[in-house]
Amino acid sequence: MLPAGVEGTGWSAWPAPAKLNLSLRIVGRRADGYHLLQTVFRLLDWGDTVYLRARGDGRIVRVAGPDNLPADDDLSVRAARALQAASGCELGADIALDKRIPQGGGLGGGSSDAATVLRALNLLWGCAQDEQRLARIGLALGADVPVFVHGVNALAEGIGEQLTPLDLPPAWYVVIWPGVAVPTAALFRAAELTRDAAPETIARLSCGVVHGNAFEPVVRARYPAVAAALDWLGGLSAARLSGSGACIFAELADRASAERIARACPAPWKAWVAAGAERSPLLAALEDFGKV
C-alpha cells in the first residue's frame, strides 16, 4: 500500500535497505571527541521505501513520514537540501517515506533514507554528482550514510567514512525489535563504554570470527527490554545487537530456520526475516531506471 500523500503522476519508488552491524568495536577517540570505530556493515534485502517526485519550484516537501519526526529534522529532507546546495540544482522534490525500519533500532533507517534520496534525486534532477561526492555529502549528515550511498557490504573505520568493500557469504537473519528506541548519542557519552579495544585485522573481521558489539553491555544495563530480547534469542541462536540497538539479530544458515524463530517471537516484540544482500537493492533500482 502506498503511503498517504502519494497521489497523482510523476512518483518513483526507491528502496532504502536496512543494515546490520555484524561486529562493532571502538578503538579510540579523536581529539575532537569523535569515536574511532571498526564495524562490519551487512546490507539486507529488506527496509524502507522512499517515494520521490521532482518539483519545478525548488521546494522540498515531505508529504508522508514519521509523525514523531518533524520534517526539518528528517534526514531524507536534509539530504535533498544538501544535494541542492552542493549541486546548485534549482529543482525541488516531494518526498514520501514508507517506514518499516524502526526508529532508534540500530538498523540505519534514517541514514539509508538519506542515501536513497541523494542517489535517486541525483539521477532525477540530473545533478551528475559522482558516487564519491555523494558519499561526502552524506557523511555530513551521518556517519552511516556513505555505506548506503556506495551500496556494498563493507568494513567501516575511522568515524565511519573509511570503507573497505567486503565479500560476505550468503546468510539469513532474524531481526527482532523489542519495542524501545535507543538514542545513540547518549550511549556514546556513557562512562562505562569501552573505547580502547585493540584493532582487528580486516581478514578476521571479514571472515566472521570477530563478533561482539561495544554497546551491548551498556544497552543491556540501561534497557531491560533489549536485555530480555537478547536473552530470549540467545536461547535459540547466537544473538547480537545491531549498532547501538535496540534491534537484535541472529544469523541463520537458511530461511526456514529464521522464519521458525520469527514465528516464536513473543509479543509485543516484532520480528522480521531478511536475507543478507550482496549489494544494495538501490543500485539495481538506479540501473533499471536508467534503462527506461
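Predicted model: local features only at pLDDT ≥ 70, side-chain atom pairs only at ≥ 80, totals over all residues.
**Entry 1. Ground rules**

I take helices (H or I, at least four residues) and strands (E, at least two) as DSSP runs, numbered from the N terminus. I number residues from 1 along each chain as its sequence is written, and side-chain values use heavy atoms, with hydrogens and water left out.

**Entry 2. The chain as a whole**

I looked up the secondary structure and found 10 helices and 10 strands in the chain. The radius of gyration is 19 Å, close to the 19 Å that the globule rule gives for 292 residues, so the chain is as compact as a globular protein of that length. I took the radius over C-alpha atoms, and the globule rule is 2.2 Å times the number of residues to the power 0.38. Along its principal axes the C-alpha trace spans about 55 × 45 × 35 Å.

I count a residue as buried under 20% relative accessible area, exposed over 50% and partly exposed in between (1.4 Å probe, protein chains only). On that scale 53% of the 292 residues are buried. The chain exposes about 12700 Å², and carbon and sulfur atoms supply 52% of this area. Accessible areas come from the Shrake-Rupley method with a 1.4 Å probe, and for residues only the protein chains shown count as cover.

I call two residues in contact when heavy atoms lie within 4.5 Å. Among contacts between residues at least 6 apart in sequence, 75% join residues at least 24 apart.

**Entry 3. Charges and salt bridges**

I found 28 positive and 30 negative side chains, with the centres of the two sets 2 Å apart. Lys and Arg count as positive and Asp and Glu as negative, without His and the chain ends. I placed each charge at NZ of Lys, CZ of Arg, CG of Asp or CD of Glu.

A salt bridge here is a side-chain nitrogen of Lys or Arg within 4 Å of a carboxyl oxygen of Asp or Glu. By this rule I get 17 salt bridges.

Arg-222 and Glu-192 form a salt bridge, N to O 3.3 Å. This pair links distant parts of the chain, 30 residues apart: Arg-222 is in helix H7 (residues 216-222), and Glu-192 is in the loop between helix H5 (184-188) and helix H6 (202-206). Arg-222 is partly exposed at 39% relative accessibility, and Glu-192 is partly exposed at 45%.

Asp-72 and Arg-81 form another salt bridge, N to O 3.1 Å. Asp-72 is exposed, with a relative accessible area of 52%, whereas Arg-81 is partly exposed at 35%.

The salt bridge of Glu-259 with Arg-255 has its closest N and O atoms 2.8 Å apart. Both residues lie in helix H9 (residues 255-263), 4 residues apart, about one turn of the helix. Glu-259 is partly exposed at 26% relative accessibility, and Arg-255 is partly exposed at 45%.

**Entry 4. Backbone points**

I looked up cis peptide bonds. The bond from Gly-245 to Ala-246 is cis, with omega near 20°. Ala-246 sits in the loop between strand S8 (239-241) and strand S9 (248-252). The bond joining Ala-267 and Pro-268 is also cis, with omega about 5°. Pro-268 falls in the loop between H9 and strand S10 (270-275).

I also checked Ala-128, which has a positive phi of about 60° although it is not a glycine. Ala-128 is in the loop between H2 and helix H3 (131-139). The residue is exposed, at 71% relative accessibility.

**Entry 5. Two single residues**

I placed Ser-112 in helix H2 (residues 109-124). At 1% relative accessibility Ser-112 is buried. Not counting residues up to four places away in sequence, Ser-112 touches Ala-16, Pro-17 and Phe-148.

Gly-58 lies in the loop between strand S2 (35-55) and strand S3 (60-64). I read Gly-58 as partly exposed, at 23% relative accessibility. Neighbours within four places in sequence aside, Gly-58 contacts Gln-84, Glu-90, Leu-91 and Gly-92.
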